[in-house]
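Please look over the model below before reading on.

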Amino acid sequence: MKVRILVSFKDSVLDPQGQTVKNALHTLGYRSVKEARQGKVFELELDKVSEEEARKLVPEIARKVLANPIIEKYTWQIIQDE
Amino acid sequence: MKFGVVMLPGSNCDHDTFHVLKNVIGRDTVFLWHKDHDLQGVDAVVLPGGFSYGDYLRSGAIARFSPLMQEVKAFARRGGHVLGICNGFQILLELGLLPGAMLRNKDLKFLCQFIHVRIENNRTDFTRAGKKGQVLRIPIAHFDGNYYAPDKVIEDIRANKQIVFRYCDADGKVTDEANVNGSMDGIAGLMNARGNVMGLMPHPERASEALLGSEDGQVIFRSLIEVLEHKGRKAR
């Protein structure tokens, strides 16, 4: 099974890289871009893991390692079944 | 007393720190290898600056899983003195030994320059050889030094006087301009509530010899020595 985890800054945390991207887009004339946030994508291939097990395992990995819960939040999804 | 300087893959201030402690300050100092579980009976652990594990994932995020770091964590929990410099500070945050986290510098630039910090609290084991309000001239060299913590945490660390250093100008004034990386409350150095763990972004080991432009950084090492050698005498 393959899962994809998206880690990004919490809304309460300033994201200077996202802001720079937004400013660059405005400079290029994309005035409709109201906000830009930058994050990280992880793809994990899990071996012999059921969907139920993944629902326990992936959040645990995300909390412990992939995201720093003080400044970051995460979402995840299964992108490929066994 | 004996200092231990941690060597992680990607540490690049380990030898500078070792040199200052051993040759400039003149205390017994050993390197501590990241794969070991042995703290070699040191009285204080120094996590040096650098780019441990290439800063992959987040600065300091991978280092916290190394075997040695489990010992450092236990050592700190027993009340042992731990000093984290730059990347060492980032590791202490990721380890959860200090509150908060580091964000990228506000201007998204790697900053490598001399700055000034003010001793906010000199009743600590890391600053007792200095005076409250004393201005130190010490270099910084980092990309992720923009200290962040939720408001509630900032309130707590203020109330507990855990802020040890703040960025300031040459006259000791804390201003937005002097806060080069955008840290909350201008925080440059922070200790835990118990007072045995401190992290700071400036590099005191690069400001410990007049030849290198400043000796101001020595105050931190000398403070630790004062505390630990006094304790040693009492114990004997």
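1. Confidence. This is a predicted model. The predictor gives the complex an ipTM of 0.85 and a pTM of 0.93. Chain B has an average pLDDT of 96. In chain B, 98% of the residues score at least 70.

2. Overall form of chain B. Chain B contains five helices and 11 strands. Its C-alpha atoms fill a box of roughly 45 × 40 × 35 Å along the principal axes. The radius of gyration is 16 Å, which agrees with a compact globule, because 236 residues packed that way would give a value near 18 Å.

3. Packing within chain B. Of its 236 residues, 53% count as buried. Take the contacts in chain B with a separation of 6 or more: 75% of them join residues 24 or more positions apart.

4. The largest nonpolar core. This core has 72 residues. B:V6, B:V46, B:L92 and B:L224 touch the most other members. Helix α5 of chain B, residues 218-235, supplies the largest share, with seven residues. Apart from this core lies another one, of six residues, among them A:V3, A:I5, A:V58 and A:L66. In soluble globular proteins, nonpolar side chains tend to be buried together.

5. A closer look at B:V6. Which residues does B:V6 touch, leaving out those up to four places away in sequence? They are B:S11, B:L32, B:H34, B:V45, B:V46, B:L47, B:P48 and B:L68.

6. Where the chains touch. Seven residues of chain A are in contact with eight residues of chain B. On the chain A side, four are nonpolar, three are polar and none is charged.

Methods: Residues numbered from 1 in each chain as written. Chains lettered and ligands numbered in written order. Predicted model: local features only at pLDDT ≥ 70, side-chain atom pairs only at ≥ 80, totals over all residues. Core = buried A, V, L, I, M, F, W, Y, C linked by C-beta atoms within 7 Å. Buried ≥ 20, exposed ≤ 12 C-beta atoms within 10 Å, placed from the backbone. Helix = DSSP H or I, 4+ residues; strand = E, 2+ residues; numbered from the N terminus. Contact = placed C-beta atoms within 7 Å. Nonpolar A, V, L, I, M, F, W, Y, C, P; charged D, E, K, R; others polar. pLDDT = per-residue confidence, 0-100. Rg over C-alpha atoms; globule rule 2.2 N^0.38 Å.
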